[in-house]
Amino acid sequence: MTTPRSITSAAITRLKPGETLRDRECPGLLINANENGLCSWRYLRKMRDGRIFKKTFGSTATFSIIEAREWARGFNAIIERGGDPGEIVAQQATADADELARLAMTVRVAWDLYISALEREGNHVPKTLEMKRCRFGKDVLPAIGDKPLSDVEHDDLWQIIEAKKDAGFASASNHLVPDIKVFFKWCITYGRTATGLRRNPAVDLIKLSRDRSRRRTFNLMELRLFVRALAATDDAFAKRLFSLLLLSGQRIGNVLRAKPIQWSGELDAWEIERTKNDEPNVVPLSSWGRALFDGGNAAWVFPSARGNGPRLGHIVVLYRELRTRMQAIAPEGYEVKHWTPHDLRRVIRTHMARLRVRREIAERVIAHKPEGVEAIYDRYEYLDEKREALNLWETELIRIATEEGVADFLDIPAMPAGLSEERLAA
């Protein structure tokens, strides 16, 4: 049996192994010396319902008498109000674990979960994932990567966007906005269980600068220069790639990753399963485009040198060389302005308008998604109409190549006798 007495430092040093000392000043507080002589703080007291509550606090080497009494008085207050300290301890343990988990779920950890989920889904082309990693790795993670995800505020994100814009990269700051918004939206929807996020700090984030829409296309003279430059290049890959880009009007990612297996014999067309707007597209190429599509190997239309995948690199060098060729043969004093492969989509769209192709057909050729009510109710694929439009466009390009005297250098397949004149004269 232990006798209550005031616990002091001297009393603690006099404790022998196995002895227990009850504190007179704080009911329920005890100090116990084990067989090795080490002393630890304990709490033992009967609750109002008759049950005994006991708890070990820690060693006397770690906690002082003042700290132990404060700890015990907290339990006393709960018991005197008729409560159960055990429940409070369990609740606090849960809260502490939740807080540790919250602190551990940083923006960087959530980002890794997000990008891994996108990779598993396989719905994004590698270039898209690469750009997301680049933007977050350069601007977002260095700023808030180690911050708990739930602590991120709207102002934190604004500062990132503003810093990018103030550094002179207005367009890049605009690109950051949708990446950040999509990431946080994922965190509170698909990633809600894993990240624990319940509040979206990016919901009101907007672009700080107006996007300047690209308007680059080729006028008729530049189209002729392009066809001549294409015919003059010695790079067979460049000739095939840019010919197919010009003939099809498709995005370069879809063209570079095209596979012969995507050609549908039933539809006599190239079936693209997924475009940038998450919709499929059917491209009924005519004879020249079809021949270019067949020019790869069994797996890829544009195989890499090793043949184990598509060829994706060094495209910038190729179209810059084509622009240089265009400039070299341009009339004196005429400047051929910068263009990119994506601008070729605008070229085909512009010249289809010149050729009187109906707007809704030309838009569907280049895989622009209809909007509003039309997108909901008009489910017709316009396959025959697109075939007619692409045939008209190919005929126009053959006519230009023929007039420029370079048709023989563009790998244009021979047309049946009598059809050539008919097509060109149509």
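This report describes the overall form of a predicted protein model and then several of its residues and elements.

## Overall form

The protein has 18 helices and 8 strands. Its radius of gyration is 36 Å, whereas the globule rule gives 22 Å for 426 residues; the protein is therefore more spread out than a compact globule. Along the principal axes, the C-alpha atoms fill a box of roughly 120 × 45 × 45 Å.

Of the 426 residues, 41% count as buried. The accessible surface comes to about 23900 Å², and carbon and sulfur atoms account for 52% of that surface. A further description of the fold comes from its contacts. Among contacts between residues at least 6 apart in sequence, 58% join residues at least 24 apart.

How many disulfides does the structure hold? The number is 0. A disulfide requires two cysteine sulfur atoms within 2.5 Å. Cys 187 is likewise in no disulfide, since the nearest cysteine sulfur, that of Cys 134, is 20 Å away. Cys 26 is buried, with a relative accessible area of 1%, and Cys 187 is also buried, at 0% relative accessibility.

## Helix α10 and its ends

Helix α10 covers residues 236–248 and has 13 residues. From its first C-alpha to its last, helix α10 reaches 18 Å, close to the 18 Å expected at 1.5 Å a residue.

As a general point, an α-helix has 3.6 residues a turn, so residues three or four places apart point the same way.

Both ends of helix α10 can be described. After the helix comes Gly 249, which has a positive phi near 75 degrees.

Gln 262 is placed in the loop between α11 (252–256) and β6 (263–264). Gln 262 counts as buried because its relative accessibility is 18%, and the buried class lies under 20%.

Which side chain makes a polar contact with the side chain of Gln 262? The partner is the side chain of Trp 270, at 2.9 Å. When neighbours within four places in sequence are left aside, Gln 262 is in contact with Arg 257, Ala 269, Trp 270, Glu 271 and Phe 293.

Arg 387 is found in helix α17, which spans residues 383–403. Ser 286 is 101 residues from Arg 387 along the chain, yet their C-alpha atoms are separated by 7.4 Å.

The phi of Asp 268 is near 55 degrees, a positive value in a residue other than glycine. Ala 367 provides another case, with a phi near 65 degrees, a positive value in a residue other than glycine. Ala 367 lies in the loop between α15 (359–365) and α16 (372–377).

## Ala 353 and a table of accessibility

Ala 353 belongs to helix α14, residues 343–354. The C-alpha atoms of Ala 353 and Leu 390 are separated by 12 Å, and the two residues are 37 residues apart along the chain.

| Residue | Relative accessibility | Class |
|---|---|---|
| Arg 387 | 23% | partly exposed |
| Asp 268 | 40% | partly exposed |
| Ala 367 | 7% | buried |
| Ala 353 | 38% | partly exposed |

Conventions. Residues numbered from 1 in each chain as written. Predicted model: local features only at pLDDT ≥ 70, side-chain atom pairs only at ≥ 80, totals over all residues. Heavy atoms only, no water. Buried < 20%, exposed > 50% of the residue type's maximum accessible area, 1.4 Å probe, protein only. Helix = DSSP H or I, 4+ residues; strand = E, 2+ residues; numbered from the N terminus. Expected span 1.5 Å × (residues − 1). Rg over C-alpha atoms; globule rule 2.2 N^0.38 Å. Contact = heavy atoms within 4.5 Å. Areas by Shrake-Rupley, 256 points an atom, 1.4 Å probe, with all protein chains shown as cover. Polar contact = N/O pair within 3.5 Å; in protein donor to acceptor, adjacent residues only side chain to side chain.
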